[in-house]
Amino acid sequence: MALLTTLCDDFGSRFGGTEGAALAADLLEEKFASYGLANVHKDAYDYDGCCRGGGNLVFVDEGVEKDFEKEKARLAENIVISRSGGIHRMEKYDRAILYDANGFIFQNHYPGYGEVTGTVGWNHEAVIPGIGISYETGEFLHRLSRQNGAVRVRIKTTDAYRRTTAWNIVGELRGTTHPEEVIIVGCHYDGHDITQGANDPLSGMVVVTEMARVLSAYAGDGLARTVRFIAWSNEEVGLFGAYHDAQGLGDNLAHVRFVWNLDSAGSPGGRKGIQLHRLPDFEPFIGNAAEEMGQDISVGQGTSCYSDHYPYFLKGIPTGSITTVGRPPGRGFGHTAFDTVDKTDAMSIREAAALGARLVLRQLNAESLPLQLREAEEVERFLQEDSGLEQHRLREAVYEKLGKENLRQYCDAVRA
Ligand SMILES: [Zn+2]
């Protein structure tokens with residue numbers, strides 16, 4: 001908890017490009033080193049970072065396809081306003097582009113939690129401007145629109161892009177029998193700009209540091225395979241840190257046997273379970289571990305492209321995460337200014353760390369692991385068909401509509 005509190009209260013959101021992000025990188029490096037991990041280093045890379053820098057409003061409820069269809073005739077060159085909840089914000093945003101809107105307003109669907117934030121760009125300037133507002137501001141706009149028939153708004157932001165350097169923090173405990181085989185255990189350490197990100201992501205980041213501390217006791221000849229701990233940077237702005245790392249694996253893809261994404265793993269609100277990203281063959285392994293540990297572990301199967309496992313998933317590497325089972329759906333105070341240290345729950349963090357350490361120890365020392373690199377065709381099939389990867393298909397549609405190389409021009413035209 002001391003580490004989590006320092007990361008939140010002393011370093012703020014740790015949003016990419018801020019001083020807090022640099023200080024957090026230093027501290028996490030120090031932590032990894034203090035547990036005796038080998039080869040602890042900062043892995044730096046450059047990316048286009050974000051720094052804080054009209055039309056009629058059209059309301060599209062939760063922003064699913066039928067909501068857009070209903071307002072189809074009014075969307076072009078106007079500004080879409082959609083509530084959070086249901087599907088991911090980027091799907092709503094992409095539909096706004098596909099329906100030729102000029103701007104995107106994202107209304108928090110929770111009263112009393114202030115403005116909601118989250119990225120809408122993908123490693124280039126956002127195609128149309130997007131802003132997040134509170135539930136109350138959105139309701140006010142609704143009332144205005146009902147009273148007056150229409151509301152005209154102009155989005156003016158002072159945000160801009162600049163080239164920025166960021167760091168993933170990496171450290172390892174080397175295996176003795178199969179040192180070349182690696183299990184990656186990671187979580188991002190950046191919160192979104194307006195939030196401390198105490199639960200998302202830090203309740204998971206400190207699970208990673210805790211697992212490093214606990215598993216370091218097995219270093220020497222207690223680990224057959226290698227475990228690599230990574231504190232990813234810049235998840236919130238587009239999974240940049242994880243893309244950088246996955247890209248850097250080069251020919252060593254098949255050596256990475258599994259990637260654990262522990263984003264927000266210690267969040268409160270329910271028991272800890274496992275989410276596997278479509279790996280039915282690995283489920284019996286967890287079942288056996290659960291039996292040995294005398295613990296019920298619920299295992300879900302699904303996909304998502306919204307966190308740091310995704311770049312590894314795209315490479316065919318088996319991935320999974322620790323989830324909180326029984327938690328009400330939706331983010332609650334997540335991605336608002338209210339995701340603060342006082343909302344964290346030490347027991348949930350402990351439970352996630354214990355579960356993670358025990359499972360990873362078994363992965364590291366198992367005779368054989370029923371985990372295999374996926375063929376590119378199989379990954380492609382998921383991208384085209386899996387219900388959890390709708391965002392991929394929407395993004396492809398946007399690129400097709402605008403031409404990826406024309407995006408910059410398009411952005412300028414929308415802003416003119
Ligand atoms: Zn997160």
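Predicted model: local features only at pLDDT ≥ 70, side-chain atom pairs only at ≥ 80, totals over all residues.

Stop 1: Now select the place where they touch: 17 residues on the domain 1 side are in contact with 15 residues of domain 2. On the domain 1 side, that set is made up of seven nonpolar, seven polar and three charged residues.

**Stop 2: a region from the record.** Next, select residues 168-355. An unreviewed UniProt entry lists this stretch as "domain: Peptidase M28".

**Stop 3: strand 9 and its partners.** Zoom in on residues 225-232, which form strand 9. How many of the residues of strand 9 are buried? Eight of eight are, so the rest of the structure largely encloses this strand. Show the side chains and look along the strand: R225, V227, F229 and A231 point one way, whereas T226, R228, I230 and W232 point the other way.

Strand 8, residues 178-188, runs parallel to strand 9 and is joined to it by eight bridges. Two pairs to pick out are H178 opposite R225 and V185 opposite F229. Strand 7, residues 160-173, is antiparallel to strand 9, with five bridges between them. For that pairing, click on E172, whose bridge partner in strand 9 is R228.

Stay with strand 8 for a moment and bring in strand 10, residues 256-261. These two strands also pair in the parallel sense, over five bridges. V185 is worth a label here: besides standing opposite F229 in strand 9, V185 has W260 as its bridge partner in strand 10.

**Stop 4: the crossover through helix 6.** Trace the chain from strand 8 to strand 9. The path goes through helix 6, residues 198-215, and makes a right-handed β-α-β crossover. Within helix 6 you will find P201. Check the peptide bond that joins D200 to P201: it is cis, with omega at about 15°. As a reminder, most peptide bonds are trans.

**Stop 5: helix 7.** Move on to residues 240-248. Is helix 7 mostly covered or mostly open? Mostly covered: seven of its nine residues are buried. To display them, select F240, G241, A242, Y243, H244, D245 and A246. Just after the helix comes G250, with a positive phi of about 50°.

Stop 6: Most residues other than glycine have a negative phi. Select E77 first, where phi is positive, near 65°. E77 sits in the loop that connects helix 3 (65-75) with strand 3 (79-83). It has 13 C-beta neighbours inside 10 Å, so E77 counts as partly exposed.

Finish at R278, another residue other than glycine with a positive phi, this one near 55°. With 17 other C-beta atoms within 10 Å, R278 is partly exposed.

Key: Residues numbered from 1 in each chain as written. Contact = placed C-beta atoms within 7 Å. Nonpolar A, V, L, I, M, F, W, Y, C, P; charged D, E, K, R; others polar. Pairing = 2+ DSSP bridges. Helix = DSSP H or I, 4+ residues; strand = E, 2+ residues; numbered from the N terminus. Right-handed = clockwise from strand over helix to strand, strands pointing away. UniProt positions renumbered as here; feature names shortened; annotations may be inferred. Buried ≥ 20, exposed ≤ 12 C-beta atoms within 10 Å, placed from the backbone.
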